[in-house]
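Grab a pencil and open the viewer. Try each exercise yourself before you read the worked solution.

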Amino acid sequence: MKYIVLLLIMIASLQAKNSCIGCHNGIADIRSKDSGMMQEILKVADKAGAKGNDCIVCHGGNPEAKKKEKAHKGTLAYFQKHKGPKAFYPYPASAWINENTCGMCHEKQVAAQNNNLMATEQGKIHGALWGFGGKEGYRHTYTDFGGKSPDPHERLGTKTYQHYMDALAKLEPQGFLKETKELPKAPTADEVEKDPSLSVYTYLRQECLRCHTGGKGRKRRGDYRGIGCASCHIPYSNAGLYEGKDESISKAEDGHMLIHTIQSSRDTNISINGLHYSGIPVETCTTCHNRGKRIGVSYQGLMETEYKATFDEIGNAQPKLHTKRYLHLTEDIHYSKGMLCQDCHTSNDMHGDGFFRGANLGAVEIECQDCHGTTDNYPWELPLGYSDEFDTKPKTGKARGVTKSLAAYLKQGAIPKDKGDGFLLSARGNPLTKAVKKGNKILMHLASGKDITLTPLKALKAEGKISQKGLVAMDQIKAHTDKLECYTCHATWAPQCYGCHVKVDYSNGKQNPDYLAASKSHHHGVTAEVHNLKDFLVDGKVTETRSYLRWEDPALSQNGEGRISPTIPGCQVTLTVIGKNGNALLQNHIWKIPNVEGAGKEGVNSIVMSAVQPHTVSKKARECESCHTSQKAMGYGINGGAYFSDQRKDTMVDLMSAGKKLLVKQTDIQIPAIPNLKYDYSVLIDKNNTQVQTVGNHWRLSRALDNETLSKLDRRGACLNCHESIPEGNLAVSAMTHMANMAGIKIDKKEHGSILHKLLNIGAWLQVLLPIMIALLLVWFFIFRKKRR
C-alpha cells in the first residue's frame, strides 16, 4: 500500500510543478511527501489553485512571479477569503501570524500558545519583580504581552484534568490569573532618577526576556532558534548555519535553520549530512533552558564555570556556548538512556492548556511516580494528584488506572499502534502517550524511535532488584516516600549561582536593545524578524555577575507542592543603579519586604532560594549523611554560613598595621559592602530557625524547613553520643575496649557498623523486655506476699 501511495505522489508531482523550486532547488521538503501532514498541505494548495505547490500554503507569496521581489510578496486570492497566509511570511511559524499557517491544522495548540509559560514568561517576570522589592506581592500580574484566559470549558485536556486544574486555580489564585497585564515599558533615565526600582523593567526587557516564543533567538553560539512553533520544531545548530542543499541560502551567513524540515515525533524522520534522526534534540531545548534553573544544560551534565579550560589542538580556550563555558558532570540518567525532553513532558507541558499558569509547578503535570510508582504501588494504583498535592499530606484515594481513549488534538502526534493495557495517566489525569502498560511493566515509545521497557519500583522490589540502601530509604522509611520528591535524593548535583549582582547603568546616555519591544514589532508582511535592534534602544545598560558557584549537595526546602525538594539560588538580586550623572542611586542593594514569609514589619530579604527539579537524576542517590548531618541541607548555609566575614562592611586590603589601621591614604575599597546581607547568600534560616531570605515566591507552601521537619532531619553529633564515653567513659565501656584490644579486634567500617547494629538491637530488646520483666517481678512479688499472708 505504501508503494502505491508513493507512486501516486510521483505521478502527481509530474503533473503539478512547484514553481518555487526554480530558485530553491534542492531545498528539503518541510515533511516527507508520503506523510499525512504533507498530504493535507497539498490538498490546501489544490484548493488555492496552486496544485503541487506546498510552499505557498505556509509562506504565501506569488508562485507565478519569476523574480524574488515579486514572488516574496502578497498571497493568493483564495487565502484572503479562507484560512491561510494573508501575506508573504518569511517565518510562517511566528506566533504573531501562525493562526493563519500552523493553526489551519493545529488549531488547539496554536490557540493555547499565547498563554503558555514559554510565551508569557510569567514566573520569570514575577521572580524579578520580587527581587526588586516585591512589586505586585505574590500576585503574578504581568506577562510579556498581557491577555485573557479562555472559557474554562476550552482548557485542553481530559475532563478529569480540567476539573483538577480548576480546583488548583482556586487553591493558588495568585498564580492562575484569568487576565494579565502587559509588562510596563522600559523607563527613561529621568524616571529612574525618581524611582530606581523601575530599573527592573529595563533589566527584564534587556536581559531576561529574550527566550519567549514570540521572538527569535539571540545571535550567539548556542542561542539560535526559530520563532513561534519553529522555536522547537525547526532545527538550528549552535552556529546557526544552514547545511541543506538549497543553493540560494548562504552556508556562511549565520542565523539560518540547519535544514528546512520539521522536527517533531518519532514519525518525522529527518536526514542531514548522511544521518537520520527523529524527535526534537535536547539541544533545541537548551537554546532557552540554560539560564535560571538551567535544567536543559544540567540534563546534559553541563555545569557552567568561570574558567576557560580545556584547550584545543592549537591552544584555543573552550568556546563559549550560550555565552558561558562548562564543566561536564554526571548526565541525567534519562539523557544517558537516550530520552529526549518530550519523552517525559507532555503536549500540555510544552504547548500549554490555554490558561495562564504562573510558574513551572503550575504548568508541569508529570511526576516521577507517574511512571516509576512507589515500592508499594504501581503507577496505575496511585491516586491522581500523588506527589502533586499542593498540600503537606500525601494524596490518598482511588487508583487512577489507565486509559485507551485520547483527545483528538493528541492524535495529531505519534501514537503507538501497540497500546498494551492502556496509556498511563499523568498526576493530573491526562494520558501519557509514550508510556504504555504491559502487565506489570511499562513500554516507553521514545521520540527517537527507540523503545524501552521500564520496570516500576513495586516490581523491582518483588524481583529483589532494589539494594538494601534503596529499600531502607524508600520502603522502610515511609516518610521519604510520603513527604519527599524522588529527585530530592536522586538528583546528586544542582547548579547553584549565589548572588545575582545586577548593575543597570543610565549614565552618559547608555542604551541597549529592548528585546521584548523588538519581538512585538510585527505586521502581516513581516513576522517578528528584527533587522536592526538599534531601532529598539532604550535607556540603560544591564550587566550581571555573581558571588560564587557551587554544584554539590544542594540545600533542601519545602516546595509549592508541599514536598521536600532540592533548593538552589533563584533571583538573588543585589542591585546597583547608576543614575544619568554617573552616581549610584542604589549600591549593592537588597530589598527587605515587610509582612511576608513569616516576617513582621522589619521584613525579609527579597533575595530568593528556589525549590527545583534539577534534571540531574542518577540511579545512585545522595548519601544519608549529605542531608542528615549537613548544615547546608538543613538551610543553615554552607558550613553554617561561617565561611564569610560580615559582608555588611567594606573590605579594605592595603598596607595595614597589626591593629588593622590603614597606613596609606591613596587606596580603594577592595570589596564594597552589601548593607542588608547579614548572612551569606546560602543561608535560608538563622540559628533560631527564623527564615532570613525568601524561599520560593510563587506558591503558598514554599518555605524553608520548619522546626518539626528539622527535628526529624537533624542528626548532627550522632558520633559524639557514643564517642564521648569511648574508650574510658565508664567501667563497662572501658572493660569492653580493653577486651577488644587484647583480642586484637580492629574496628574498621564493617566492624563499626556491626557493633552499632548489635547495640541497637540489644538496646531495643532491653527497653522492650525490661519493663515486662519488672512487671512480672512485681506481679510475682505481690502474689508471693499475698500467699505469705
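**Exercise 1. Work out how the radius of gyration of the protein chain sits against the value for a compact globule.**

*Solution.* Start with the length: this predicted model has 789 residues, and a compact globule of that length would come in near 28 Å. Next, take the value for the chain, 31 Å, which agrees with that expectation. Then look at the extents: the C-alpha trace spans about 120 × 80 × 55 Å along its principal axes. To finish the overall picture, 30 helices and 24 strands make up the secondary structure, and 46% of the residues count as buried.

**Exercise 2. Find out what share of the contacts between residues at least 6 apart in sequence join residues at least 24 apart.**

*Solution.* Take the contacts in the protein chain between residues at least 6 apart, then pick out those that join residues at least 24 apart: that's 65%. V282 makes a handy example. Its partners, leaving aside neighbours within four places in sequence, include G296, Y335 and C341.

**Exercise 3. Decide whether V282 is buried or exposed.**

*Solution.* First, locate V282: it sits in helix α13, residues 282–286. Now apply the cut-off, where buried means under 20% relative accessible area. V282 has 2% relative accessibility, so it counts as buried.

**Exercise 4. Explain why helix α8 is largely enclosed by the rest of the structure.**

*Solution.* Count along residues 122–131: nine of the ten are buried, so the rest of the structure largely encloses α8. Among the buried ones are H126, L129 and W130. Past the helix comes G133, with a positive phi near 110°.

**Exercise 5. Identify which residues touch the most other members of the largest nonpolar core.**

*Solution.* Some background first: nonpolar side chains in soluble globular proteins tend to be buried together. Here the largest nonpolar core has 26 residues, and L183, L204, V502 and L575 touch the most other members. The top contributor is α11, with five residues. Zoom in on V502 next: not counting residues up to four places away in sequence, its contacts include Y203, V542, V573 and L575. Last, there's a second, separate core of 24 residues, with Y548, I607, C627 and Y636 among them.

Conventions
Residues numbered from 1 in each chain as written. Predicted model: local features only at pLDDT ≥ 70, side-chain atom pairs only at ≥ 80, totals over all residues. Heavy atoms only, no water. Helix = DSSP H or I, 4+ residues; strand = E, 2+ residues; numbered from the N terminus. Rg over C-alpha atoms; globule rule 2.2 N^0.38 Å. Buried < 20%, exposed > 50% of the residue type's maximum accessible area, 1.4 Å probe, protein only. Contact = heavy atoms within 4.5 Å. Core = buried A, V, L, I, M, F, W, Y, C linked by side-chain atoms within 4.5 Å.
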